[in-house]
Structures are given as C-alpha cells and as structure tokens.
Amino acid sequence: MSKLFTPIRIGGMELKNRIVMPAMHLMYTPDGYVTERLTSFYSERAKGGAGLIIVGGCGIDEYSGGSELIGISRDEFIPGLRKLTNAVRINGCRIAAQLYHAGRYAFSPLIGRESIAPSPVASRLTKEVPREMSIDDIKRTINNFAAAAARTKAAGFDAVEIIASAGYIISQFLSPVTNFRKDEYGGNIQNRMRFGLEVARAVRDSVGIDYPVIFRIGGNDFVPGSNTNKESRLFALELERAGVDAFNVTGGWHETRVPQIPMEVPPGAYAYLAQGIKSAVNRPVIACNRITSLGLAEDILVRGSADLIGFARGLIADPYMPAKALEERFDEITPCIGCNQGCLDHVFSLKPVECMVNPRAGRENELSLSLKTALPKKVIVAGGGPAGLAAAKEAALCGHRVTLYEKSCELGGQLKIAGALEERRDFAKLAEVMARQAVDAGCDIRTSTEIDPGTIAVENPDAVILACGGKPLIPPIPGIENGNVVMAWDVLSGKADTGKDIVVIGGGAVGIETAVYLAKKGTIDNDTLAFLFLNDAEETEVLRKAATTGIKRVRLIEMLPRLGADIGISTRWVELQLLKRYGVETMTDTKVAGILPDGIIVESGGIQESISCDTVVIAAGTQSENSLISKLDKKTRVIIAGDAKKPRKAIDAIREGFFAARELSS
C-alpha cells in the first residue's frame, strides 16, 4: 500500500494520502443547514484516515435541486459549514465542498419552480421539460457558482469542486444530446464547452490563484450521441488551461443504460476513464466507481491510471478502512458490496442515507463506536444468516459471551443464495466477511447444529436472539406437490436440477435472479469471451449470442403488473436488463391456476391456457421461521431479528441484528 499512503498535492493543498471520499447526497440536511448528524458522519470518516473528504452536493442557488442539498447559496449557511470544516480538519483530513446545479435533473416540486437548462429537452429522470436558459440566466448561474465558491473559502474548506458530470447542468451544456442552442453556448464542441469554462474561470477569479479548484467530470456519458472519453479529454485540457487543479473522473448520467455502480459492475471497470483523462492533462486525476478494495486501488495507482482513488460508498461502509489498512488489519475491514439498499435507493426515495453493512452510518452522533457492557451476559444466537451474524458480532464486541447455532453446514443464510448469480456474487462474499468478523470478535460458532429447547435449557443463557431467518413460501397452487416442482432456493444453492424447459413462478428479486441463473447455463464465460474477441475468432454478433444464449428456455411468471417490485430503484432496471439480455420470457398480470406433470395452467384477463415445461421453479416469497419461540420457557428473554420477525431486505436483517445486540446492554 506504499503508493496509496504517500502524500500528494492538489494546487496549494497537500494531502496525507491518496484516499478521497467523493461527494454523495446524504439527505442529512433537510433545510440546507449543517446538522450534528452530518458533522458527526464526516468527522468519523476523517478520524478513520481519509486524505480528502468532498461534501455535497452543495446547492448554489434556488434552481440547483432543493432544500435537501447542503446549502451554500447564502451567507447564512457559512457558520454551520465552518463547524463542519473544523470538525473534519481537526482530525487530520482535508475537506472540499462540491458546488452543484442539477439543471434539467431538478424536480420542479422540490425547487418550487420550473427547472432550467441550456435547451428545453425533456428529462428522463424527472419526466419534465425544463425552461431554456436566457443569456441572463446563464450569466447569473455563472456568478452564482463564483459566489458559492467564495463562501466555500470563507467557511474554511480547503478546496472547491465543481460538478460537471452525471448529466447535471454543465454536462447538459457540453452534450449535443441536450444542447441545441444556436448562440455562442451551442453548436460545436468549443461553444458547448464555453459554459463550463466560464464557470471555471469565474470560480478561479473568486477564490484566488492559490486556492485548489477541482472539477468532477464524466469520462464517458454512456448516452447514445453524447460525449465519450475523446470529448472529455478535450474538455479536461481546456479546464486545465482555465486554472483547474485536479480532475475527479466518473462516468455516466442518471439516464444511461450502462450500469455504473451496482454490484453487477466489475470492480475497477471504469478506471480506464480516469486513465484517458490523465493522458490529456498534467494535473492530478481521481479514479472512481466500484473501486472495491485497497489492493485494487493500489494497482490502479501503481500502473499510472490515476493519482488518487475515490471511495464514496466504501467509506460509508467502513469509515476506518484507511486506518485499518495502515495497521495491516485488513480482515477487519467491512467492504461495500454495491447493494445500494441504504445509500442510493434511499437518496432516490428522498430518505436519509444508511448502509446495509454498517448500521451506524448516519447515526454516529447517536451510537458510540464501542458499547462495552459493565454486566456481560451469556447470549445464544439462533441462526447464522445476516441478522444472526450481525447480532453475534456486535454482542461479542459489547463484551457478552456469545454462542451462535446454525443448523446448516455453512453460514450466511440468504446472503449465500443471493450471491449464487455471478453478477450478485458480492452477497456471498459479504457472508464470508461477516462470518469471519463474528469469529474474530469472539463468538463461539457451531454449524450443523440445530438449536432446540433442550440445548437452551442446558446452556441457560441470559438472552436468546432469535434470527432463524425464513423459509420459502409455498403458495396454495393445485399440483404444487408434483415431482416436477422445485424451490428457487434449492436451485440457487445447487440442491436441485432442472430440465431444459423451465417456468419460474414469482417475479420478485429471487425469481428474477433464479431465471437469469438458469438462462445463463451454457453461455460462454467472460474469460472465454475475452479470449475469442481478442483473437478475432468470431464476429462480434456471434460472440454476443454465445455469451447470452444458453441451453435452457426460461419463462418467468408474475401475478402483479410489474416485475421486481421488491428491488430497489437504483438496481431494479439492471435486473430487468439481465432478463432481457439472457432471453428470459416474461409474463405479468398472470396467475398460475395449477401445475401439471408436464406444465402449468395460467390465467390472464380471464382466459386460461396451458404452458408445457419440464420443471416448475417456485419463487413466491419468504415466510418467517420463528417456531422456536413457542417452545421456549416464558422466562427466557428473547429478541427476534431479521426474517424471523418479518421477511424483508438484507439491510433490515443486519440492522435488526445489530440493534438486538445493543439492546442487551440497555
């Protein structure tokens, strides 16, 4: 890790290492003013060893995006911002503010007015058409960027960042897809760059020659007809000439159909975008997007693709990742797996950010890092899934004597099942991390051992945390007992075989993943695809077909109007994209009326029809497994967590396991 932890300068600012926490909407400032929640959140990441923290987006004016943004549009925000910068800097970390303007991505109900943009092009994000900006609008917005930059400096920030990526206002001027202007701000690329360059110059004039100015740019819009890395390199070069000190490189707009940050994206897949920008400029370049480990970050730096590494969600998941790495405590690092359940899904739902793997995220001002009990208890945890592992680890860290019982031979529960699909493999990796951390915390783990009242009577614990999880819901369909019926969980865990013609009943997350898992059988793997492509062995379309066409026919049936209703907003479209890519046939608004030895009977719109198939896979949901509670002595203290309480998402299970452990000390 020698490169990652070496100092580097951005303009007149020296960083102690090359770990950057990029800006991310957190929804901790409902009125724009800095809160104790926000200050505690970032203070913790500063204590954890990050070199630079960028906060934001910070709205520069009333058109920027709404009151949920960190406010920097008026002088009255400065005292709160100064409190934030002091809290971060006192812990040995530098801090920058990202200046933000959404343009056509601003929702009119949130800003209380019509959004503005270079041209009146409808937004796929908001479904609204913005008002075309006049020259006066343009000049005023540039001035607002400059005035906000001056407040940034006055509030004690070490640097300022301008967002010119992700499809926001500077991107909209730069792109021929959203800029149809006929004046000096539209047309050829030199004119389309004009707005962003004028913002850069105005900000530089506002903050002075020695104050660091960073631009967050898109290395590729991944929008048909828009800018690629070629145009981004030209823009970066002109920004450098305008006085920009560093470039923070990301990719994609909110409306792109190329996944940018969910776990389906291979780790480090977009480092090449930063490498492209670095080839064009002489200023430091930050690489971002799904850089999931410090080892990968080091590789990117050593090979020269970038100068710094952005860890946004990684530092939400584990604020102390840098400090742990410096002390070579790598096994203690809790990784971000790209699930998006608590971060992006919450942001898009206008809810405060949380984290599936770190229940303290966003609660640092309420929950201490360590809660050592003065009265250690003997605790039994029933179940080794996500809730049970979270509870066992936290209870042990609190000082309790913990024994965890898991009836199967391995730990992880539904995390292992969710990780069966290659694109979702990080769920299985998380199960391994949680199991290791529970053991390291001091838990006594007993697998292949089913807990029962007799065991509890012998152990005589002070408390039992019941985290037995759930079991597949078996719907009351005539014929479901037939020999051609298998459970989705058994398919994903390798316990059940299927024929070539398969019907999956249930279009939720498990059903979709099972359908894709089966449809991929017989497709060529990624290594083979790369080998054949690089050796010109086949035409591109032949390779595409070989990589997406398997040996099984898979049909997915859902009784609701839409598939994936239980999947978060930031990842549902990716899962639906996988169904289409691998040729899964889908039927919605369709009820299964019966299962036959050689097929099923479905009903839609009052009409029944038979569908032949070899195998029927049931993915109809989950029901709680908490039968143990009725068998326990009434005097036994029992806390229920996870699916045993109510089937939901992994984030709910882990959070409840964590708080169940904390409850023991209350």
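Q: Over how many bridges do strand β24 and β25 pair?
A: This is a predicted model, where local features need pLDDT of at least 70, side-chain atom pairs count only at pLDDT 80 or more, and totals for chains, interfaces and linings use all residues. Residues are numbered from 1 along each chain as its sequence is written, and side-chain values use heavy atoms, leaving out hydrogens and water. Strands are DSSP runs of E with at least two residues, numbered from the N terminus, and two of them pair if DSSP finds at least two bridges between them. Strand β24 (residues 599-604) and β25 are antiparallel, and the number of bridges is six.

Q: Which residue in β25 is the bridge partner of Ser604?
A: Along this pairing, Val602 stands opposite Glu609 in β25. For Ser604, the partner in β25 is Ile607.

Q: Which residue in the hairpin of β24 and β25 takes a positive phi?
A: The hairpin has two residues between its strands. The positive phi, near 65°, belongs to Gly605.

Q: Which strands stand at the edges of the sheet?
A: The open sheet has three strands with antiparallel pairing, in the order β23-β24-β25. An edge strand has a single partner, so one side of it is left without a neighbour in the sheet. The edge strands are β23 (591-596) and β25 (607-612).

Q: How far apart are the end C-alpha atoms of helix α4?
A: A helix is a DSSP run of H or I with at least four residues, and its expected span is 1.5 Å times one less than its number of residues. Helix α4 (residues 135-154) has 20 residues, so it should span 28 Å. This agrees with the distance between its end C-alpha atoms, 29 Å.
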